[in-house]
Amino acid sequence: MAERFDNLEEHLEKFIENIRQNFMISGLQDIEKCRQQLHEINVPLEVFEYIDQGRNPQLYTKECLERALARNEQVKGKIDTMTKFKSLLISELSKVFPEEMSNYKAIHGEDAPS
């Protein structure tokens, strides 16, 4: 009697495995269809390094944004410093070379020292 159940169990296991493999194949086919739609997307290699290290790939995006923000602040500071320097330079040059600076302001406009 147990042999009949063993035989049935074996056939059911084979049937379940066939179904599982067919679903796997159809799932891989669906993934392949999606891949073709996304072939133009490039992923930075650093993201894969994050994944290999067991880190969340979203941390890569966060850290990139933080670095960009810090760099933006540095550049903004440099621009502000250069603007102040230009204004001070024009002011001091106007004292020493009033005629030449009048010509400069005429060429570049009255708001040149801004």
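Okay, let's start in helix α1. Lys14 and Glu10 sit 4 residues apart there, so about one helical turn separates them. Their side chains meet in a salt bridge, at 3.5 Å from N to O. And keep in mind that this is a predicted model.

Now, how many salt bridges turn up in the whole structure? The search finds 6. Let me show you two others. Arg20 pairs with Glu17, with the closest N and O atoms 2.6 Å apart. Those residues are also in helix α1, 3 residues apart, or about one turn. Arg20 is partly exposed at 43%, and Glu17 counts as partly exposed at 29%. Then there's Glu32 with Arg35, where the closest N and O atoms are 2.7 Å apart. Again we're in helix α1, 3 residues along, about one turn.

Helix α1 covers residues 2-37, and Leu12 lies in it as well. Leu12 belongs to a nonpolar surface patch together with Phe5, Leu8, Phe15, Ile16, Ile19 and Phe23. Together they have about 750 Å² of accessible area. Leu12 itself is partly exposed, at 45%.

Last stop: helices α3 and α4. Their axes come within 6 Å and cross at roughly 135°, which means α3 is oblique to α4. Which residues meet there? From α3, they include Ile90, Leu93 and Val96; from α4, Pro98, Met101, Tyr104 and Lys105.

Note on methods. Residues numbered from 1 in each chain as written. Predicted model: local features only at pLDDT ≥ 70, side-chain atom pairs only at ≥ 80, totals over all residues. Heavy atoms only, no water. Patch = residues over 30% accessible without salt bridge, like charges linked within 9 Å, V, L, I, M, F, W, Y side chains within 5 Å. Areas by Shrake-Rupley, 256 points an atom, 1.4 Å probe, with all protein chains shown as cover. Salt bridge = Lys/Arg side-chain N within 4 Å of Asp/Glu carboxyl O. Helix = DSSP H or I, 4+ residues; strand = E, 2+ residues; numbered from the N terminus. Buried < 20%, exposed > 50% of the residue type's maximum accessible area, 1.4 Å probe, protein only. Axes fitted to C-alpha atoms, helices over the stretch in contact; angles between N-to-C directions. Parallel < 35°, antiparallel > 145°, perpendicular 65-115°, else oblique. Contact = heavy atoms within 4.5 Å.
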